[in-house]
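Student: Could we go through the labels used for this protein and check each one against its cut-off?
Tutor: Gladly; here it is.

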Amino acid sequence: MKAVPAWLVFTVLRVLMFAVPFVVLSLLGIEGWLAALLAAVIGLCLSYIFLRAPRDTVARGLYEVRHRDKEPVHPDAESEDAAVDRAEAGQNTASQDKAGHTPSAP
């Protein structure tokens, strides 16, 4: 049996968090446009409070699809790579100096 995609679960829960308050408000006799507006606000608040994990899962999935061709870069990775490159360049210059080569003056 195949697992249900995270985006589908999130979408169904969001629709339910709008539909249930809308039906309840409509049954209470509130005018249609006002019931829809209030249901939207209630649904937004409920999804913000209770659907954090599904929302994060969907966002992570979208990020992975968008950045599938390249690895995510850690914030410190670029500076560490630059430091390693400088250290290797310094070692190469020092080994050339020991071999009898004089570095050219700028």
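**Labels and their cut-offs**

Tutor: Let's start with Arg52 and Asp56, which form a salt bridge, with their closest N and O atoms 3.7 Å apart. This is a predicted model, where local features need pLDDT of at least 70 and side-chain atom pairs count only at pLDDT 80 or more, while totals for chains, interfaces and linings use all residues. Residues are numbered from 1 along each chain as its sequence is written, and side-chain values use heavy atoms, leaving out hydrogens and water.

Student: Why is the pair Arg52 and Asp56 called a salt bridge?
Tutor: The term asks for a side-chain nitrogen of Lys or Arg within 4 Å of a carboxyl oxygen of Asp or Glu. The N and O atoms of Arg52 and Asp56 are 3.7 Å apart, so the pair qualifies. By this rule the count comes to 1 salt bridge.

Student: How are Arg52 and Asp56 placed in helix H3?
Tutor: They are 4 residues apart in helix H3 (residues 52–66), so about one helical turn separates them. Helices here are DSSP runs (H or I, at least four residues), numbered from the N terminus.

Student: What makes Arg52 exposed, and what makes Asp56 partly exposed?
Tutor: Exposed means over 50% relative accessible area, buried under 20%, and partly exposed in between (1.4 Å probe, protein chains only). Arg52 has 57%, so Arg52 is exposed. Asp56 has 33%, so Asp56 is partly exposed.

Student: And which label does Asp81 get?
Tutor: Asp81, in helix H4 (residues 77–98), is partly exposed because its relative accessible area is 48%.

Methods
Helices (H or I, at least four residues) and strands (E, at least two) are DSSP runs, numbered from the N terminus.
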